[in-house]
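Please open the model and follow each stop in turn.

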Amino acid sequence: MNYRPLISSVLIAGLFSSLTSCGSSTKVENVNQRSVGQQLTDLEQARQQGIITEREYSRLKKAIIHKND
């Protein structure tokens, strides 16, 4: 029986799994590239479509304005 393909597959899987858990301490920040106006427009559309409640809309609108004030 030829074990070479099996061994190769196991080694490759081990390599990929070790790369995904490298323990990096680099902090990744989400940089919002949309303007405040676009964020508020998107938020309004979500409210109108029923994706978010009126209460969520008010809270998120205040947070967007406060963050960019």
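This is a predicted model: local features need pLDDT of at least 70, side-chain atom pairs count only at pLDDT 80 or more; totals for chains, interfaces and linings use all residues.

Helix 2 and helix 3 are roughly antiparallel to each other.

**Stop 1: the whole chain**

Display the entire chain as a cartoon. The chain contains 3 helices and 0 strands, and its pattern along the sequence reads α-α-α. Of the 69 residues in the chain, 10% are buried.

**Stop 2: the two helices**

Select residues 36-48, which form helix 2, and residues 54-67, which form helix 3. The axes of these two helices come within 10 Å and cross at roughly 175 degrees. Angles over 145 degrees count as roughly antiparallel, and helix 2 and helix 3 are therefore described in that way.

**Stop 3: where the helices meet**

Which residues of helix 2 meet helix 3? Show the side chains of Val36, Gln39, Leu40, Leu43, Glu44 and Arg47 in helix 2. On the side of helix 3, show Glu54, Tyr57, Leu60, Lys61 and Ile64, which they meet. The residues of this contact comprise 6 nonpolar, 1 polar and 4 charged.

**Stop 4: the nonpolar core**

Select Leu43, Ala46, Ile52, Tyr57 and Ile64 together, for these 5 residues form the largest nonpolar core. Helix 2 and helix 3 are the elements that give two or more residues to this core. In soluble globular proteins, nonpolar side chains tend to be buried together.

**Stop 5: Leu43**

Centre the view on Leu43, a residue of helix 2. Is Leu43 buried or exposed? The relative accessible area of Leu43 is 9%, so this residue is buried. Beyond its neighbours within four places in sequence, Leu43 is in contact with Ile52, Tyr57, Leu60, Lys61 and Ile64. To follow one of these pairs, draw a distance between the C-alpha atoms of Leu43 and Leu60; the separation is 7.9 Å in space, although the two are 17 residues apart in sequence.

**Stop 6: Ile52**

Next select Ile52, another member of the core. When its neighbours within four places in sequence are set aside, Ile52 is in contact with Leu43, Ala46, Arg47, Tyr57 and Leu60.

**Stop 7: Arg47**

Move to Arg47, which is found in helix 2. The relative accessible area of Arg47 is 25%, and this residue therefore counts as partly exposed. Its side chain makes a polar contact with the side chain of Glu44 at 2.5 Å. Not counting residues up to four places away in sequence, Arg47 touches Ile52, Glu54 and Tyr57. The C-alpha atom of Arg47 is also 9.7 Å from that of Ser58, which is 11 residues apart from Arg47 along the chain.

**Stop 8: Thr41**

Finally, select Thr41, also located in helix 2. Thr41 counts as partly exposed because its relative accessibility is 38%. What does the side chain of Thr41 reach? Display the backbone atoms of Gly37: the side chain of Thr41 reaches the backbone oxygen of that residue at 2.8 Å.

Technical notes: Residues are numbered from 1 along each chain as its sequence is written. Side-chain values use heavy atoms; hydrogens and water are left out. Axes are lines fitted to C-alpha atoms, for helices over the stretch in contact, and angles run from 0 to 180 degrees between N-to-C directions. Helices (H or I, at least four residues) and strands (E, at least two) are DSSP runs, numbered from the N terminus. Angles under 35 degrees count as roughly parallel, over 145 as roughly antiparallel, 65 to 115 as roughly perpendicular and the rest as oblique. Contact means heavy atoms within 4.5 Å. Ala, Val, Leu, Ile, Met, Phe, Trp, Tyr, Cys and Pro count as nonpolar, Asp, Glu, Lys and Arg as charged, and the others, Gly among them, as polar. A nonpolar core is a set of buried Ala, Val, Leu, Ile, Met, Phe, Trp, Tyr and Cys residues joined through side-chain atoms within 4.5 Å. Buried means under 20% relative accessible area, exposed over 50%, partly exposed in between (1.4 Å probe, protein chains only). A polar contact is a pair of N or O atoms within 3.5 Å; within protein, one must be able to donate a hydrogen and the other to accept it, and residues adjacent in sequence count only if both atoms are side-chain atoms.
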